[in-house]
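This report describes the pocket and the overall fold of one protein model. The sequence and structure come first, and the notes follow.

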Amino acid sequence: MRRLFDLPYLLLTLTTLFWSGNMVIGRGIRADVPPFGLAFWRWTLALCLILPFAWPHLRTQWPLVKRHWRPIVLLGALGVGGYNTFAYLALQYTTAINATMINSLIPVATLLLAVLLLRRRLQRFEVFGVVLSLIGVSVIVTHGNPAMILDWQFNPGDFWMLIAVTVWGLYTVGLHWRPGGMHPMVLLAAMTVVGITVLAPAWAWELSQGRHIVLHTGSLTAIVYTAIFPGFLGYVFYNRGVAMVGPSRAALFIHLMPVFATVLSVIFLDELPALYHGAGIALILSGIWLTTRHPEVR
């Protein structure tokens, strides 16, 4: 396991595989497990896995947690309470393939947010790359038919997925301010507690609307998967990868998700990619290539 943690690109690849499975599961169980309930119980179970690793360090590092509570609250609200919840909301209305394609905009969103928050300068070719990626997203959203813009039929799933992309970009850039010297498991535990606190009122509201989890083997297995792989292992691997290679370069690995998610969606959901998906992802990846040609600015 220690050798694995010295291989950031393998960690980031496994992370995108886990998260691709998360998209497919979020779509597949949408009728039986509502989005806020899935997010709340996913992170509650994940916290049970995190605490045994964090507890030995928590006693000595509690003063550090209290001193740096602001960035911890920000990261927990965005990365734990926000991103996956918005993605699960998106999957109530749109396919796993479509959501994952829009999710591929994350590297560009991360770059733009790094410009705003870290004061990184954009080169001309980077501006062109951003525009190219945005065109790719518009191709996916309009199903490759520009005429749809004139007769727009709003898909709330696309909207929520774009919100999720923005939230994850903020989280990735926000890792720039993660507390130095804090054990990664302590940081993850603290962020998870914040995320669960944010999600609890949303889950309570969902219950008040009559949306309950339908318990059966499939729904329970899905929740356990989201807790262990995209939740616990995914965040440990991603945070380690970001620490080693930087936020913009780590965000690049998100572009593996359309590959993984398409294969998984074909196998488990009988979803088939369309030509406009291929055109859109080609434009998005071209834009990503243009915007990431220079060394990382951390």
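## Lining of the largest pocket

In this predicted model, α9 contributes 8 residues to the lining of the largest pocket, which is the largest share. Two helices, α8 (184-208) and α9 (217-245), each supply at least two of the lining residues.

Which classes of residue make up the lining of the largest pocket? The lining has 16 nonpolar residues, 2 polar residues and 3 charged residues.

The largest pocket holds about 550 Å³ of space. Its lining counts 21 residues, and those closest to the pocket centre are F5, H183, P184, M185 and V236.

Empty space of this kind is found by rolling a probe the size of a water molecule over the atoms.

## Secondary structure

How many helices and how many strands does the protein have? There are 12 helices and 0 strands. Read from the N terminus on, the order of elements is α-α-α-α-α-α-α-α-α-α-α-α.

## Contacts and burial

Taking contacts in the protein between residues at least 6 apart in sequence, 91% join residues at least 24 apart.

The protein has 298 residues, and buried residues make up 52% of them; buried here means under 20% relative accessible area.

## Surface

The accessible surface of the protein is about 13900 Å². Carbon and sulfur atoms account for 69% of that surface.

Technical notes: Residues are numbered from 1 along each chain as its sequence is written. This is a predicted model: local features need pLDDT of at least 70, side-chain atom pairs count only at pLDDT 80 or more; totals for chains, interfaces and linings use all residues. Side-chain values use heavy atoms; hydrogens and water are left out. On a 1 Å grid over the protein atoms alone, a cavity is a set of points where a 1.4 Å probe fits but cannot get out, and a pocket is an open set with protein on both sides within 12 Å along at least five of seven lines; lining residues have an atom within 4 Å of a point. Grid points are joined across faces, edges and corners, and a volume is the space filled by probe spheres set on the points. Helices (H or I, at least four residues) and strands (E, at least two) are DSSP runs, numbered from the N terminus. Ala, Val, Leu, Ile, Met, Phe, Trp, Tyr, Cys and Pro count as nonpolar, Asp, Glu, Lys and Arg as charged, and the others, Gly among them, as polar. Buried means under 20% relative accessible area, exposed over 50%, partly exposed in between (1.4 Å probe, protein chains only). Contact means heavy atoms within 4.5 Å. Accessible areas come from the Shrake-Rupley method with a 1.4 Å probe; for residues, only the protein chains shown count as cover.
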